[in-house]
Amino acid sequence: MTAIERVIATARAEIGYIEKATNYITTFGLGVAMKMTNQPMGGYGAGCTQSAGYYRAVGRFHKSNPQPGDQIFFTKDGGKSMYHTGLVEKVSGGRVYTIEGNTSSAPGVVPNGGMVRNKSYSINYAQIGGYGTPD
């Protein structure tokens with residue numbers, strides 16, 4: 001199983017999980033996860049805008065052609081800031097399919113929803129701010 005397949009499988013297994021107090025880190029462990037997402041150790045807890053900035057700083061942020069395993073970022077201001085994020089599971093039929101934490105099963109972007117859900121958006125959805133490709 002590739003690294004991307006492992007991450008997506010872990011995320012799929014979490015669909016329906018309701019938020020509770022835990023710091024459990026899955027799949028690769030904290031150190032590897034931080035390196036893959038281009039974040040410095042001690043930087044965890046960064047907001048969505050800063051996380052997108054980590055990808056920009058290493059040339060791994062893009063606004064088109066999402067791939068499975070990419071981190072998707074959502075914006076309300078054309079990409080100046082990001083307010084929600086998720087994992088690209090697949091792209092098919094003009095839609096991007098995601099698995100997102102801290103959302104709900106309601107359609108559209110729902111930040112602070114308290115659970116892990118799978119969702120989909122038109123590839124041209126105006127609130128997609130871009131994608132970060134982990135290393």
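User: Is Phe-61 buried or exposed, and what is its relative accessible area?
Analyst: This is a predicted model, in which local features need pLDDT of at least 70, side-chain atom pairs count only at pLDDT 80 or more, and totals for chains, interfaces and linings use all residues. Residues are numbered from 1 along each chain as its sequence is written, and side-chain values use heavy atoms, leaving out hydrogens and water. Buried means under 20% relative accessible area, exposed over 50% and partly exposed in between, with a 1.4 Å probe and protein chains only. Phe-61 is therefore buried, at 16%.

User: Happy to hear it! Which strands do Phe-61 and Phe-73 lie in?
Analyst: Rings of Phe, Tyr and Trp (its six-membered ring) pair if their centres lie within 6.5 Å; planes under 30 degrees apart count as stacked, over 60 as edge-to-face and the rest as tilted. Phe-61 and Phe-73 make a tilted pair, 6.1 Å centre to centre with 45° between the planes. Strands are DSSP runs of at least two E residues, numbered from the N terminus. The pair ties together parts 12 residues apart in sequence, because Phe-61 lies in strand E1 and Phe-73 in strand E2.

User: Which residue does Phe-74 form an aromatic pair with?
Analyst: Phe-74 counts as buried at 0% relative accessibility. Its strand is E2, and the partner lies in strand E5 (residues 115–122), so the pair ties together parts 47 residues apart in sequence. The rings are tilted, 5.0 Å centre to centre with 55° between the planes, and the partner is Tyr-121.

Key: Helices (H or I, at least four residues) and strands (E, at least two) are DSSP runs, numbered from the N terminus.
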